[in-house]
Amino acid sequence: MASLRPVPLTTCEIRPATPADAPELYVLWQRVREHNARLDPRIVLAPVAPDQFAAALERQLGRGSATVLVAADRARLAGFVSGAIETASADRLPERHATIGYLWVEPGYRRRGIGRALVEAVARWAAAYDGVRHFEMPVLAADVEAARFWEALGFRPFIARLWAPLAPEPDDGGVP
């Protein structure tokens, strides 16, 4: 994995997460998950205990093809991003691309360039991988604010992911 230097950003620095960040990262991760679930009722949050999260974070940090970066403001985290290198479908080139799993910036820290700095740091990390030249990632269709953010960074729609129940649900006719 490429080594990243902390990048000063107003009062924050962007740095790789460590296992010691797990308790605070867990809180931020829960916030982004709850945000997503509020936007779309089809998102049902699986229960994940703090110790389960900490173990998963350690595994992710140990994978060479994944990273978690944090925006640290002195003694607290202002945000985080998780990224990975994924293999494309067998019928598409290039073979690998970068993806972002989660991006979250605490509301009081938004509109200061922290989200952009986190994404740029993941891009620098991913660029160190041979053959990785672009991002692909899902964005909730209902998250208009997120879509505007990603578009401002140069992201454009690529593949639409559609959703439908296998059978209509009796109480709502199967319409989300």
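Ser-82 counts as buried because its relative accessibility is 8%; buried means under 20% relative accessible area, exposed means over 50%, and partly exposed is in between, with a 1.4 Å probe and protein chains only. This residue is found in strand 4. Helices (H or I, at least four residues) and strands (E, at least two) are DSSP runs, numbered from the N terminus.

Before going further, a word on what you are looking at. This is a predicted model, in which local features need pLDDT of at least 70, side-chain atom pairs count only at pLDDT 80 or more, and totals for chains, interfaces and linings use all residues. Residues are numbered from 1 along each chain as its sequence is written, and side-chain values use heavy atoms, with hydrogens and water left out.

**How confident is the prediction?**

The chain has a mean pLDDT of 90, and 91% of its residues reach 70 or more; pLDDT is the predictor's confidence in each residue, from 0 to 100. Over residues 1-8, though, the pLDDT is below 50, and this stretch has 18 contacts in the model beyond near neighbours in sequence. Contact here means heavy atoms within 4.5 Å. Where pLDDT is low, the predicted coordinates should not be read in detail.

Let us return to Ser-82. Leaving aside neighbours within four places in sequence, Ser-82 is in contact with Gln-60, Thr-67, Val-68, Thr-99, Ile-100, Gly-101 and Tyr-102. Two or more lining residues come from each of helix 1 (22-39), helix 2 (50-62) and strand 4 (76-87). Helix 2 gives the most, with 4 residues.

What counts as a pocket? On a 1 Å grid over the protein atoms alone, a pocket is an open set of points with protein on both sides within 12 Å along at least five of seven lines, whereas a cavity is a set of points where a 1.4 Å probe fits but cannot get out; lining residues have an atom within 4 Å of a point. The space in this second largest pocket is about 210 Å³. Such a volume is the space filled by probe spheres set on the grid points, which are joined across faces, edges and corners.

By class, the lining of the second largest pocket has 8 nonpolar, 2 polar and no charged residues. Nonpolar covers Ala, Val, Leu, Ile, Met, Phe, Trp, Tyr, Cys and Pro, charged covers Asp, Glu, Lys and Arg, and the others, Gly among them, are polar.

**The strands side by side**

Two strands pair if DSSP finds at least two bridges between them.

|---|---|---|---|

How many residues of strand 3 are buried? The count is 8 of its 8 residues. Both faces are covered, with Ala-66, Val-68, Val-70 and Ala-72 on one side and Thr-67, Leu-69, Ala-71 and Asp-73 on the other. Strand 5 (residues 96-105) is mostly covered too, with 7 of its 10 residues buried.

Asp-73 lies in strand 3 (residues 66-73) and is buried, because its relative accessible area is 9%. Beyond its neighbours within four places in sequence, Asp-73 is in contact with Thr-11, Cys-12 and Tyr-109. Cys-12 belongs to strand 2 (residues 12-16) and, at 3% relative accessibility, counts as buried. Cys-12 and Ala-71 are 59 residues apart in sequence, yet 5.7 Å apart in space, C-alpha to C-alpha.

**Two arginines in loops**

Most residues other than glycine have a negative phi. Arg-74 has a positive phi near 55°. This residue lies in the loop between strand 3 and strand 4, a hairpin with 2 residues between the strands. Is Arg-74 buried or exposed? Arg-74 is exposed, because its relative accessible area is 69%.

Arg-111 takes a positive phi as well, near 65°. The loop between strand 5 and helix 3 (114-127) holds Arg-111, which is exposed with a relative accessible area of 85%.
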